[in-house]
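Student: I've just opened this one and I'm new to it. Could you walk me through it with some questions and answers?

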Amino acid sequence: MKRKIYAVMMVLLMLLISCETEKSSINGIGDKTSQMSNKRDLENDNTQQANDLDMLDLNKLVKDIQNSNRIETIHTIKDNALLIISRKEKSLDEMVFTFIDINESKVLAEWSNNSVQRPFEIYNYEDEIIIYDSASCIYSIDYNFNIKYVIDMNTNEQLGTYGTERNYCILPKQKKVVFYKSVIDENGFNCILFACDYDGNNEEEILKLEQSEKNVGLLNGFKSIIASYDETCIYFVGFFMNTFRAGEEGKDCFGVIRLNDKSIQVEKSKVQQCWELFQKGIIFFNGSQEFEEDLSMEIIYFLGNERRTFFLAEKHDSEFVTVSEDGLYLYCYQRMEYIDNKTALTKVNVYSLANEGLESSFQIPFYIQKAAMFPNSKKCILIYSRYADEEERNKMEIEIINLD
């Protein structure tokens, strides 16, 4: 009998040891899982802290600029560079160009120029960055951030002037200037589109817009032009006439001229006076309008010379539009009412052109002055103020928003 009791006790003891071992093993796995989870959390925290530090460093650079300069605009260059153009407070004619690596928060190059006049149009080409200023000069900057050449359109006697808008653009690969001007002949005023070399030589006529009855309702003149990046098209904002009677005013239009066959496609839909050029095409949109009824939810864009239509979720989204350089995303923002008449509020809608829909929508307590998107990503960089008050609004900061 004692032997049986002893045997049973031994079996129970073995079972107890086995259970404790298994429990210890399970607890060990739990400890390792917990350690791995804690490690991942720590890595995420470290990444976030690193990103926060990068933003602190970037904003420190911006504040250093603001200590003596007033920021005029920003522009993204390729995947990781940011151009900040600022104006010296003590010398309002002197513009400072600061090129920053946003990944390392360091200045790549900086120089000043007292000839460049704001406002600016800036475009990234394959081998150079092109800047149009308001004093009829074009600046070419290489990707070492040095000025390659300057084209002063004021010295081009052939150019002439037409209205108050910039009446020229360039084809950097071909080293050509395309421009329009009015020419008087036996039929009256005609608007002619020309091309010439950078130095004004070898002028040739591209097309003539005759002011005659046969051209009523067609494109009759330009207000502004820009070439596609591949230099196969000229995009334009222009006007057409319903009659040529005295006192008749032109109606707004926009569209594309295909340089290979000189064909013209004119759009007469809701007024679209602003554009955003991207690598494979252009987007036309309203821009800021005095009256809400002049805003349209429709955006018309061209991929090369193929016309497409996109509809926004809200009318006010067509006031401030930024497109990614790859043409995949639209970043639209509305300056909303102010909180307590002091703090700014901006509503942001992000659209996917590829999926033809609204990707995300959110509000941020900033007054956005300028938004710029990096190519091949949904990363957007903002220059903004936290204040709505005019005097405080000059205190600008920079923020990078990942829209994924």
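Predicted model: local features only at pLDDT ≥ 70, side-chain atom pairs only at ≥ 80, totals over all residues.

Student: How many helices and strands does the protein have?

Tutor: Both are DSSP runs numbered from the N terminus: helices are H or I with at least four residues, strands are E with at least two. Going by that, the protein has one helix and 27 strands.

Student: And what percentage of the residues count as buried?

Tutor: Buried means under 20% relative accessible area, exposed means over 50%, and partly exposed is in between (1.4 Å probe, protein chains only). Of the 404 residues in the protein, the buried share is 46%.

Student: Let's pick a residue. Is Ser-86 buried or exposed?

Tutor: Ser-86 sits in strand β2, which covers residues 81-88. Its relative accessibility is 0%, so Ser-86 counts as buried.

Student: Which side chain does the side chain of Ser-86 make a polar contact with?

Tutor: A polar contact is a pair of N or O atoms within 3.5 Å; within protein, one must be able to donate a hydrogen and the other to accept it, and residues adjacent in sequence count only if both atoms are side-chain atoms. Contact in general means heavy atoms within 4.5 Å, and beyond its neighbours within four places in sequence, Ser-86 has contacts including Ile-65, Arg-70 and Val-96. The polar partner, at 3.1 Å, is the side chain of Asn-69.

Student: How many salt bridges does a search of the whole structure find?

Tutor: Side chains of opposite charge can pair when their charged atoms come close. Here a salt bridge is a side-chain nitrogen of Lys or Arg within 4 Å of a carboxyl oxygen of Asp or Glu. The count for the whole structure is nine.

Student: Which residue forms a salt bridge with Glu-121?

Tutor: The closest N and O atoms of this pair are 2.7 Å apart, and the partner is Arg-166. The two link distant parts of the chain, 45 residues apart: Glu-121 is in strand β5 (residues 121-124), the other in the loop between β8 (147-152) and β9 (168-171).

Student: Which strands hold Lys-176 and Asp-197?

Tutor: The side chains of Lys-176 and Asp-197 meet in a salt bridge (2.9 Å, N to O). That pair ties together parts 21 residues apart in sequence, because Lys-176 and Asp-197 lie in strands β10 (residues 176-185) and β11 (residues 188-197).

Student: Last one: how many disulfides does the structure hold?

Tutor: A disulfide is a pair of cysteine sulfur atoms within 2.5 Å. Cys-169 is buried at 0% relative accessibility, and Cys-253 is buried at 1%. The number of disulfides is zero.

How values were computed:
Residues numbered from 1 in each chain as written. Heavy atoms only, no water.
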